[in-house]
Each structure stands twice: as C-alpha cells, then as structure tokens.
Amino acid sequence: MSKSCKGLAAELVKCLGESDCIKVEKRSYRECVGEKSPCIPSECVGLRETYFNCKRGQVDMRTRIRGNKGY
C-alpha cells in the first residue's frame with residue numbers, strides 16, 4: 001500500500017523537471033509543486049491532483065481496506 005503512489009510520484013517529478021518552473025526559474029521541486037503558477041503545464045497540475053488524491057486515499061480507512069483505484 002505504501003508504494004501504490006510511487007509511479008505517480010515518479011511521473012510528477014519527471015513532468016516538473018521538464019517544466020519552465022525548474023528549468024528557467026531555477027526553483028526547487030517543492031516550490032513548484034506548492035503553487036499554481038502559469039509556467040507549470042496543465043498535465044503536471046493533473047498529475048499533482050491525482051497524486052494528492054492517491055496519498056489521501058492511504059489514510060482513508062475505506063480506501064485502505066479496498067486499495068487505491070487505478071494506479
């Protein structure tokens with residue numbers, strides 16, 4: 001269960017690494033994930049929301065029993 005979001009996290013890091021927030025502005029990953037900046041592509045924003053929902057599902061007791069959906 002603890003590794004069920006690992007693939008999403010890897011894709012999110014890869015997507016953010018290719019964004020202008022990291023390359024051009026030279027900011028950290030944490031800064032880029034935490035804010036809603038126009039330099040972050042919409043696919044990274046979607047991955048971020050999916051990753052947060054996956055992590056939230058790990059603490060929800062109903063989801064912990066059934067497992068996370070999808071990924």
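1. First, the ground rules. This is a predicted model, in which local features need pLDDT of at least 70 and side-chain atom pairs count only at pLDDT 80 or more, while totals for chains, interfaces and linings use all residues. Residues are numbered from 1 along each chain as its sequence is written, and side-chain values use heavy atoms, with hydrogens and water left out.

2. On confidence: pLDDT is the predictor's confidence in each residue, from 0 to 100. The chain averages 82, and 85% of the residues score at least 70. Where pLDDT is low, the predicted coordinates should not be read in detail.

3. The overall layout is simple to follow: the chain has 5 helices and 0 strands. Helices (H or I, at least four residues) and strands (E, at least two) are DSSP runs, numbered from the N terminus. Buried residues (under 20% relative accessible area, with exposed over 50% and partly exposed in between, 1.4 Å probe, protein chains only) make up 30% of the 71 residues.

4. Now the inside. A nonpolar core is a set of buried Ala, Val, Leu, Ile, Met, Phe, Trp, Tyr and Cys residues joined through side-chain atoms within 4.5 Å. The largest one has 14 residues, of which L16, C32 and I40 touch the most other members. The elements giving two or more residues to this core are α1, α2 (20-23) and α4 (42-59).

5. Helix α4 deserves a look. Its 18 residues should span 26 Å at 1.5 Å a residue, and its end C-alpha atoms are 27 Å apart, which agrees; the expected span is 1.5 Å times one less than the number of residues. Its buried residues are C44, L47, R48, Y51, C54, G57 and Q58.

6. R48 in that helix counts as buried because its relative accessibility is 6%. Its side chain reaches the backbone oxygen of V33 at 2.9 Å. Contact means heavy atoms within 4.5 Å, and R48 touches L12, C32, V33, E35 and K36, not counting residues up to four places away in sequence. C32, leaving aside its neighbours within four places, is in contact with L16, C21, I22, R27, I40 and R48.

7. Finally, K26 sits in the loop between α2 and α3 (29-34). K26 is exposed, with a relative accessible area of 68%. Its phi is near 55°, a positive value in a residue other than glycine.

Notes:
A polar contact is a pair of N or O atoms within 3.5 Å; within protein, one must be able to donate a hydrogen and the other to accept it, and residues adjacent in sequence count only if both atoms are side-chain atoms.
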